[in-house]
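Here are my notes on the model you sent. Please read them with the structure open.

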Amino acid sequence: MSEENLRYSREELAEFAEIIQEKLNAARKEVAFIKETLSRKNDSGTDNTASSAKVLEDGADTAEKESMNQLASRQMKFIQQLENALVRIKNGTYGVCIGTGKLIPKERLRAVPHTQHSIEAKMARRD
């Protein structure tokens, strides 16, 4: 088997790096937006509402904050996976399935650029 069948070319890796960088920038912007949203004070002007309404509002605020924290956590994990993919590009292991040792199809890498598994290996893991 030739080296071409085992690794992507520099040009192909550059394409994937660009895709990953775009996704990284978008994910970082989303995390910044979530953090900004979480840090805002309650500025809705509801300080004069009835206390029972305030309790309900506080509960809804808590649930929303928890949801936003979970979203931020998932985004941070996604950012780490994308950064790890950039490291794999630099060290020449990007695009090689860790389950099968074969190249992951370009279409899959374009859709899920941080993946380390081909569809074949992913499906085998679920069984």
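Which residues does Leu-109 touch, not counting those up to four places away in sequence?

1. **Leu-109 and its neighbours.** The model is predicted, so please read every point below with that in mind. Leu-109 touches Tyr-8, Phe-16, Tyr-94, Gly-95, Ile-104 and Thr-115, leaving aside residues up to four places away in sequence. Leu-109 sits in helix α3, residues 106–111. Its relative accessible area is 0%. The cut-off for buried is under 20%, so Leu-109 counts as buried.

2. **Overall make-up.** The protein has four helices and zero strands. Along the sequence the pattern reads α-α-α-α. The chain has 127 residues, and 25% of them count as buried. Take the contacts with a separation of 6 or more: residues 24 or more positions apart account for 64% of them. The accessible surface comes to about 8900 Å². Carbon and sulfur atoms hold 52% of that surface.

3. UniProt, in an unreviewed entry, places a "coiled-coil region" at residues 10–37. In the model this span is 100% helix and 0% strand. Its end C-alpha atoms lie 40 Å apart. Helix α1 covers residues 10–39.

4. **Val-31 in α1.** Is Val-31 buried or exposed? Val-31 is buried, because its relative accessible area is 4%. Val-31 belongs to helix α1. Beyond residues up to four places away in sequence, Val-31 touches Ala-72, Gln-75, Met-76 and Ile-79. Val-31 and Gln-75 are 44 residues apart in sequence. Their C-alpha atoms are 6.6 Å apart in space. Helix α2 spans 51–91.

5. **The zinc finger annotations.** The feature "domain: Zinc finger DksA/TraR C4-type" is placed at residues 92–122, in an unreviewed entry. That span is 32% helix and 0% strand, with its end C-alpha atoms 22 Å apart. The feature "zinc finger region: dksA C4-type", also from an unreviewed entry, is listed for residues 97–121. Here the end C-alpha atoms lie 8 Å apart, and the span is 36% helix and 0% strand.

6. **Ser-118.** Where is Ser-118 found? Ser-118 is in the loop between α3 and α4. Its relative accessible area is 7%, so Ser-118 is buried. Ser-118 touches Cys-97, Thr-100, Ile-104 and Arg-108, again not counting residues up to four places away in sequence. Ile-104 is also among the residues that Leu-109 touches.

7. **The second largest pocket.** This pocket has a volume of about 210 Å³. Its lining includes Gln-81, Asn-84, Arg-88, Arg-108, His-114, Thr-115 and His-117. Which helix gives the most to the lining? Helix α2 does, with three residues. Both α2 (51–91) and α4 (119–126) supply at least two residues each. By class, the lining divides into two nonpolar, six polar and four charged residues.

Terms used
Residues numbered from 1 in each chain as written. Predicted model: local features only at pLDDT ≥ 70, side-chain atom pairs only at ≥ 80, totals over all residues. Heavy atoms only, no water. UniProt positions renumbered as here; feature names shortened; annotations may be inferred. 1 Å grid on protein atoms, 1.4 Å probe; cavity = no way out; pocket = protein on both sides within 12 Å on 5 of 7 lines; lining within 4 Å. Points joined across faces, edges and corners; volume = space filled by probe spheres on them. Nonpolar A, V, L, I, M, F, W, Y, C, P; charged D, E, K, R; others polar. Buried < 20%, exposed > 50% of the residue type's maximum accessible area, 1.4 Å probe, protein only. Contact = heavy atoms within 4.5 Å. Areas by Shrake-Rupley, 256 points an atom, 1.4 Å probe, with all protein chains shown as cover.
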